[in-house]
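I opened this notebook to record what I looked up in one structure. The entries are brief and follow the order of my reading.

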Amino acid sequence: MMAKPRLVVGMSGASGPQLGVRLLEALREAATHEIHLVVTPGAALTIKHEMPGRTLASIKALADVIHDDRDLAAPIASGSFLHEGMIVIPASMKTCGNLAACNAGNLLVRAADVTIKERRTLILVPRETPLHLGHLRILTSLAEMGALIIPPAIAFYHHPKTLEDAIDQLVGKCLDSLHVPHALFRRWGS
C-alpha cells in the first residue's frame with residue numbers, strides 16, 4: 001500500500017520550464033503526493049538557458065523520485081505502477097507529436113502513453129505559439145485520446161500584478177485538474 005498517492009511530472013524541452021518548476025514547488029508545499037519526475041535532455045538545456053539562477057539538481061530536489069528519460073524500464077513506464085495522474089509541463093510539440101503518434105521512444109512519452117491507456121488523468125501544457133494546423137491536429141488527437149490540454153494562457157479575473165501571479169494561476173488550474181488543494185490564486189467570486 002502506498003504511503004501517499006503518486007503524481008508523475010514530466011518536463012520536456014519547450015520554453016517555459018518556470019511553469020514546471022513552480023508546479024513542483026506547489027506540489028512540494030501541498031505535501032499530498034509522492035512526486036515522480038522525468039526531465040528530458042531538451043528540458044535540461046532549456047532550464048540552463050532560461051533559468052540561469054537554477055540548477056537542474058535543485059529542481060530535481062523538489063521531487064521524491066527522479067527517473068532517467070532513457071530508462072524505458074522505469075516503474076512509471078508500466079500500467080501496473082499506480083498513480084493519480086501525470087502532467088507534462090511544459091510540453092513541447094515534439095513530445096505532443098510523439099505521444100499522438102504513440103511513438104514512445106523515451107520515458108516521458110512512454111509514461112504519458114501508459115497514463116492514457118490506463119484511463120488516468122494526463123494533463124499537457126503545450127508551450128508553442130502561434131499554432132499551425134499540424135499543432136492543432138496533434139492537440140485535437142491527444143484530446144480525443146483523453147488528455148486534458150491546458151495551454152499557458154493568461155487569465156485576468158484574478159488581477160495578476162506580476163509574471164509570478166500569472167504562473168501561479170496557470171499552475172493552480174493544473175492542480176485543480178489533479179485535485180490537489182492550493183491557494184495559488186484568487187478564485188472567481190471570492
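The entries below go through the model topic by topic.

**Entry 1: Ground rules.** I noted that this is a predicted model, in which local features need pLDDT of at least 70, side-chain atom pairs count only at pLDDT 80 or more, and totals for chains, interfaces and linings use all residues. Residues are numbered from 1 along each chain as its sequence is written, and side-chain values use heavy atoms, with hydrogens and water left out.

**Entry 2: Arginine 6.** I located arginine 6 in strand β1, residues 6–11. Helices (H or I, at least four residues) and strands (E, at least two) are DSSP runs, numbered from the N terminus. Which side chain makes a polar contact with that of arginine 6? I found the side chain of glutamate 34, at 3.4 Å. A polar contact is a pair of N or O atoms within 3.5 Å; within protein, one must be able to donate a hydrogen and the other to accept it, and residues adjacent in sequence count only if both atoms are side-chain atoms. Not counting residues up to four places away in sequence, arginine 6 touches a list of residues including His33, His36, Phe81 and Gly85. Contact here means heavy atoms within 4.5 Å.

**Entry 3: Histidine 36.** I then turned to histidine 36, which sits in strand β2, residues 34–39. Is histidine 36 buried or exposed? Histidine 36 has a relative accessible area of 4% and therefore counts as buried. Buried means under 20% relative accessible area, exposed over 50%, and partly exposed in between (1.4 Å probe, protein chains only). The side chain of histidine 36 makes a polar contact of 2.8 Å with the side chain of histidine 67. Leaving aside neighbours within four places in sequence, I listed the contacts of histidine 36, among them Arg6, Val8, Val65 and Ile76. From histidine 36 to aspartate 68 I noted 32 residues in sequence and 11 Å in space, C-alpha to C-alpha.

**Entry 4: Aromatic rings.** I searched the whole structure and found one aromatic pair. Tyrosine 157 and tryptophan 188 form this pair, which is edge-to-face, with 6.1 Å centre to centre and 85° between the planes. The pair ties together parts that are 31 residues apart in sequence, because tyrosine 157 lies in the loop between β6 (148–149) and α7 (163–177) and tryptophan 188 in the segment after α7. Rings of Phe, Tyr and Trp (its six-membered ring) pair if their centres lie within 6.5 Å; planes under 30 degrees apart count as stacked, over 60 as edge-to-face and the rest as tilted. Tyrosine 157 is partly exposed at 28%, whereas tryptophan 188 is exposed at 73%.

**Entry 5: Backbone exceptions.** Most residues other than glycine have a negative phi, and most peptide bonds are trans. I recorded a cis peptide bond from isoleucine 89 to proline 90, with omega near -5°; proline 90 is in strand β4, residues 85–91. A cis peptide bond also joins threonine 129 and proline 130, with omega about -5°, and proline 130 lies in the loop between β5 and α6. Cysteine 102 has a positive phi of about 55° and is found in the loop between α4 (93–100) and α5 (107–117). Arginine 119 has a phi near 60°, lies in the loop between α5 and β5, and is exposed, with a relative accessible area of 71%.
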